[in-house]
Amino acid sequence: MNLKDKHILVIGGGSGIGFGIAQGAAAEGAKVMIASRNAEKIAAKAKSIGGTSAALDVSEEANIAAFFKEHTGFDHIAFTAGDTTGLGMGMLKDLDLKQAAERFNARFWGAVAVAKHGAINLPAGGSYTITNGMLGHKPMRGMPTVTAGAMAMEGLTRGLALDLAPVRVNCVCPGVIETELFDRYGDARAQMLKVMTEKQLVPRPGTPAEAAESYLTCMRNTYMTGQVIKIEGGVALAL
């Protein structure tokens, strides 16, 4: 099954994995809309693949409710929005609980609100795919609340799969994917990525296109729901 003529919304699709999903869907002939906070940036990205764009800040439910009143008719939604606030490692005694709680606003509660106002209206057999990370499967010291958030996303996936059926709900857990997020490290970028991935079974970072293929599979495969897909180069099996 391909995605030709399907209406697909990618939330957080202005760069990285999200834009990889948009590119892949557009290449199959889908009608793609990219939604993200940076309206100017996503307009240019959407135009480059023959798609459309709309501004959306998923940190507030009211924004999401208004968005889905204006934009309807989707067959599939991919949710890749989130932020890196509170991702720094540190001692538990120094943990800022307020900042840790704020990390849930976009990634977790944003995903819930998109389900409530958007995915609930998808057609039977349509799909909603949310994004997680690998910390729930391979925790790291100094990041207990981020690990907890990762597990919450997978619980949300299973719960929504029940509540939204026959709309299908799945979750993708990317590992180290080489995206624009690593640009901030400048000349240290290449060495950082090498160190982060050299012990994986596939000893390199993944590409946005490789990660995006998992989301596209969740859209195409009409027998898949309630599943968690790890696309991580075998890091969960690495020592």
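Buried means under 20% relative accessible area, exposed means over 50%, and partly exposed covers the range in between, with a 1.4 Å probe and protein chains only. This is a predicted model, in which local features need pLDDT of at least 70 and side-chain atom pairs count only at pLDDT 80 or more, while totals for chains, interfaces and linings use all residues. Residues are numbered from 1 along each chain as its sequence is written, and side-chain values use heavy atoms, with hydrogens and water left out.

Strands here are DSSP runs of E with at least two residues, and helices are DSSP runs of H or I with at least four residues, both numbered from the N terminus. Two strands count as paired if DSSP finds at least two bridges between them.

Within this sheet, strand β4 (residues 76–79) is joined to β5 by 4 bridges, and these two strands run parallel. A78 stands opposite T129 in β5. Contact means heavy atoms within 4.5 Å.

Strand β5 (residues 127–131) contains S127. S127 has a relative accessible area of 0% and is therefore buried. Its side chain makes a polar contact with the side chain of H76 at 2.7 Å. A polar contact is a pair of N or O atoms within 3.5 Å; within protein, one must be able to donate a hydrogen and the other to accept it, and residues adjacent in sequence count only if both atoms are side-chain atoms. Not counting residues up to four places away in sequence, S127 touches several residues, including D75, I77, L122 and R168.

R168 lies in strand β6 (residues 168–174). A salt bridge is a side-chain nitrogen of Lys or Arg within 4 Å of a carboxyl oxygen of Asp or Glu. The side chain of R168 reaches backbone oxygens instead: that of M219 at 2.9 Å, and that of G125, which lies 3.3 Å from a polar atom of the R168 side chain. Leaving out residues up to four places away in sequence, R168 touches H76, S127, Y128 and N221, among others.

Salt bridges do occur elsewhere, and a search of the whole structure finds 6 of them. One of them joins R220 to E28, with the closest N and O atoms 2.5 Å apart. This pair links distant parts of the chain, since R220 is in helix α7 (residues 208–220) and E28 is in the loop between α1 (16–27) and β2, 192 residues apart. R220 has a relative accessible area of 19%, so R220 is buried, whereas E28, at 21%, counts as partly exposed. R220 also meets E213 in a salt bridge between their side chains (2.8 Å, N to O). E213 is partly exposed because its relative accessible area is 36%. Salt bridges with shared partners join E28, E213 and R220 into one network.

Another salt bridge is formed by E198 and K194, whose closest N and O atoms are 3.2 Å apart. E198 is partly exposed at a relative accessible area of 41%, and K194 is partly exposed at 47%.

The last stop is G136, in the loop between β5 and α5 (144–164). G136 is buried, with a relative accessible area of 19%. Apart from neighbours within four places in sequence, G136 is in contact with T147, A150 and M151. G136 and E28 are 108 residues apart in sequence and 32 Å apart in space, C-alpha to C-alpha.
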